[in-house]
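Please read the points against the structure.

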Amino acid sequence: MGCTETTLRTLLNDRILVLDGAMGTMIQQHDLDEADFRGERFADVDEDLKGNNELLSLTRPDVIRGVHEAFLEAGADILETNTFSANPISQADYNLAELTYELNVASARLAREAADAFSTDAKPRFVAGAIGPTNKTLSISPDVTDPGYRDVTFDEVAASYRAQIDALMDGG
């Protein structure tokens, strides 16, 4: 067992650990507009980017860091990264699939920095990589006339999650 796992297991034997709350709900409280999601870097992207909360780890890291800090101040022991839909399949809707690695690394680093800043020997803080569902399903056909049809294959979804996991690990 690694040091983090040992610490987590020891703490879990002693008390309940608190997982942070809903990232999306906290982001909504900031009343962000399209320009916030775009920043300077993505100003010329043809797609609407508002709603791509994962992109905020690059364009508005202050907002994401603030969300993490609010959860830590409220007593959270474990932060989830801002990466629920930071996978190639979901990011393809914004024509940003190529950003999967960067989004996950940046998000993991933001959460890690916040957790480290709030950690003490008496109350260590942890980061968990958030891997949400994609916007494509393996269980239901999107085409009612072809029940066996799927937009993606199992292997494509597995590769999408693998890309996300590798980047989360690289981000800490």
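1. The axes of α5 and α7 cross at roughly 40 degrees and come within 9 Å of each other. An angle of 65 to 115 degrees would count as roughly perpendicular and one under 35 degrees as roughly parallel, so α5 is classed as oblique to α7. The crossing of α5 past α7 is right-handed. Note that this is a predicted model.

2. The residues that meet at this crossing are, from α5, Pro61, Ile64, Arg65, His68, Glu69, Leu72 and Glu73. From α7 they are Leu110, Ala111, Glu113, Ala114, Ala115 and Phe118. As a rule, an α-helix has 3.6 residues a turn, so residues three or four places apart point the same way.

3. Helix α5 covers residues 61–73, and its 13 residues should span 18 Å at 1.5 Å a residue. The C-alpha atoms at its ends are 18 Å apart, in agreement with that value. Just after α5, Gly75 has a positive phi of about 110 degrees.

4. Which residues of α5 are buried? They are Val63, Ile64, Val67, His68, Phe71 and Leu72. Their cover includes α2 (23–28), α4 (56–59), the strand β1 (78–80) and α7 (100–118).

5. Ile64, in α5, has a relative accessible area of 0% and is therefore buried. Setting aside residues up to four places away in sequence, Ile64 touches Met23, Ile27, Asn53, Leu56, Ser57, Asn82 and Leu110. The C-alpha atoms of Ile64 and Thr81 are separated by 9.3 Å, with the two residues 17 apart along the chain.

6. The 19 residues of α7 should span 27 Å at 1.5 Å a residue, and the distance between its end C-alpha atoms, 27 Å, agrees. Buried residues of α7 are Thr100, Leu103, Asn104, Val105, Ala106, Ser107, Ala108, Leu110, Ala111, Ala114 and Ala115. These buried residues pack against α4, α5, β1, α6 (88–91), β2 (126–128) and α8 (154–171).

7. For α7 and α8, the axes are 7 Å apart and the packing angle is about 40 degrees. That angle makes α7 oblique to α8. The α7–α8 crossing is right-handed. On the α7 side the contact is made by Thr100, Tyr101, Asn104, Val105, Ala108 and Arg109, and on the α8 side by Ala163, Gln164, Ala167, Leu168, Asp170 and Gly171.

8. Is Arg38 buried or exposed? Its relative accessibility is 12%, and buried means under 20%, so Arg38 counts as buried. Arg38 belongs to helix α3 (residues 34–38), and its side chain makes a polar contact of 2.9 Å with that of Glu34. Apart from neighbours within four places in sequence, Arg38 is in contact with Ala43, Asp44, Val45, Asp46, Glu47, Asp48, Leu49 and Thr59.

9. Asp31, in the loop between α2 and α3, has a positive phi of about 50 degrees although it is not a glycine. With a relative accessible area of 67%, Asp31 is exposed. Asn95 is not a glycine and has a positive phi of about 55 degrees; Asn95 is located in the loop between α6 and α7.

Conventions
Residues numbered from 1 in each chain as written. Predicted model: local features only at pLDDT ≥ 70, side-chain atom pairs only at ≥ 80, totals over all residues. Heavy atoms only, no water. Helix = DSSP H or I, 4+ residues; strand = E, 2+ residues; numbered from the N terminus. Expected span 1.5 Å × (residues − 1). Buried < 20%, exposed > 50% of the residue type's maximum accessible area, 1.4 Å probe, protein only. Contact = heavy atoms within 4.5 Å. Polar contact = N/O pair within 3.5 Å; in protein donor to acceptor, adjacent residues only side chain to side chain. Axes fitted to C-alpha atoms, helices over the stretch in contact; angles between N-to-C directions. Parallel < 35°, antiparallel > 145°, perpendicular 65-115°, else oblique. Left-handed = near helix turned anticlockwise from the far one by under 90°.
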